[in-house]
Amino acid sequence: MVAGLDGDGAAHERLLTSLVPMLRSFFGRRLRGATDDVEDLVQDTLIAIHTRRATYDRDRPFTAWAYAVARYKMIDHFRRSRQNVSIDGLEDILITEGFEDVIGAQLDVDRLLGGISPKQARAIRQTKVDGLSVAEAADSAGISEADVKVSVHRGLKALADRLKGN
């Protein structure tokens with residue numbers, strides 16, 4: 001982002017290209033089954049990042065800023081479409097401050113997940129990073145859905161404790 005702001009067009013193009021999978025995953029987890037909406041939101045977010053790049057504060061983590069733009073684009077989408085959003089997963093949509101800070105710090109996911117059990121790491125990676133459903137993750141690991149849910153819950157708790165320094 002900084003190189004793009006400094007006039008490097010190729011760097012800016014690489015940035016936008018590299019954001020596509022991240023944004024697809026971000027929107028895909030929140031808009032399950034709405035592939036067209038996901039693609040529209042990815043494009044809207046890329047355009048917003050491009051047109052509003054001058055508002056980016058170079059002293060702040062880029063991904064926090066990018067996720068904030070994406071979150072606002074999703075909220076605008078819900079307002080325009082007047083969709084009813086299930087209360088399930090609402091915490092994912094209304095992300096609290098701090099999540100972007102963790103993402104914005106660009107923590108090495110592999111290193112972070114390496115500190116918990118392989119079973120928990122796999123469940124978290126599949127459901128939270130790769131966007132698989134609990135059923136899909138359970139099927140691929142050959143375990144029950146309840147086992148995936150417990151592994152994700154315990155793994156996220158272990159990661160939170162680790163990040164807090166407990």
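Which residues touch the most other members of the largest nonpolar core? Here are some friendly notes on that and a few other features.

1. A word on the model. This is a predicted model, in which local features need pLDDT of at least 70, side-chain atom pairs count only at pLDDT 80 or more, and totals for chains, interfaces and linings use all residues. Residues are numbered from 1 along each chain as its sequence is written, and side-chain values use heavy atoms, with hydrogens and water left out.

2. Overall make-up. The protein chain has 10 helices and 0 strands, with helices (H or I, at least four residues) and strands (E, at least two) taken as DSSP runs numbered from the N terminus. Read along the sequence, the pattern is α-α-α-α-α-α-α-α-α-α. Of the 166 residues, 34% are buried; buried means under 20% relative accessible area, exposed over 50%, and partly exposed in between (1.4 Å probe, protein chains only).

3. Surface and contacts. The chain exposes about 10100 Å², and carbon and sulfur atoms supply 52% of that area; accessible areas come from the Shrake-Rupley method with a 1.4 Å probe, and for residues only the protein chains shown count as cover. Among contacts between residues at least 6 apart in sequence, 61% join residues at least 24 apart, where contact means heavy atoms within 4.5 Å.

4. The largest core. To answer the opening question, Leu19, Phe27 and Phe62 touch the most other members of this 24-residue core. A nonpolar core is a set of buried Ala, Val, Leu, Ile, Met, Phe, Trp, Tyr and Cys residues joined through side-chain atoms within 4.5 Å. Helix 2 (9-30), helix 3 (35-51) and helix 4 (62-81) each supply at least two residues of this core, and the largest share, 8 residues, comes from helix 4. A second, separate core of 11 residues includes Ile124, Ala137, Ala138 and Val152.

5. Not counting residues up to four places away in sequence, leucine 19 touches Leu46, Ile49 and Phe62. Leucine 15 lies in helix 2 and counts as buried because its relative accessibility is 13%. Leaving aside neighbours within four places in sequence, leucine 15 is in contact with Met1 and Phe62. Leucine 15 and alanine 3 are 12 residues apart in sequence and 9.6 Å apart in space, C-alpha to C-alpha.

6. Helices 9 and 10. The axes of helix 9 (residues 134-141) and helix 10 (residues 145-164) come within 8 Å and cross at roughly 105°, so helix 9 is roughly perpendicular to helix 10. Axes are lines fitted to C-alpha atoms, for helices over the stretch in contact, and angles run from 0 to 180 degrees between N-to-C directions. Angles of 65 to 115 degrees count as roughly perpendicular, under 35 as roughly parallel, over 145 as roughly antiparallel, and the rest as oblique. Val134, Ala135, Ala137 and Ala138 of helix 9 meet Glu145, Val148 and Lys149 of helix 10.

7. Glutamine 126. This residue sits in helix 8 (residues 118-129) and is buried, with a relative accessible area of 11%. Beyond its neighbours within four places in sequence, glutamine 126 is in contact with Gly131, Leu132, Ala137 and Ser140.

8. Leucine 112. Helix 7 (residues 109-113) holds leucine 112, which is buried at a relative accessible area of 16%. Leucine 112 and leucine 163 are 51 residues apart in sequence and 9.2 Å apart in space, C-alpha to C-alpha.
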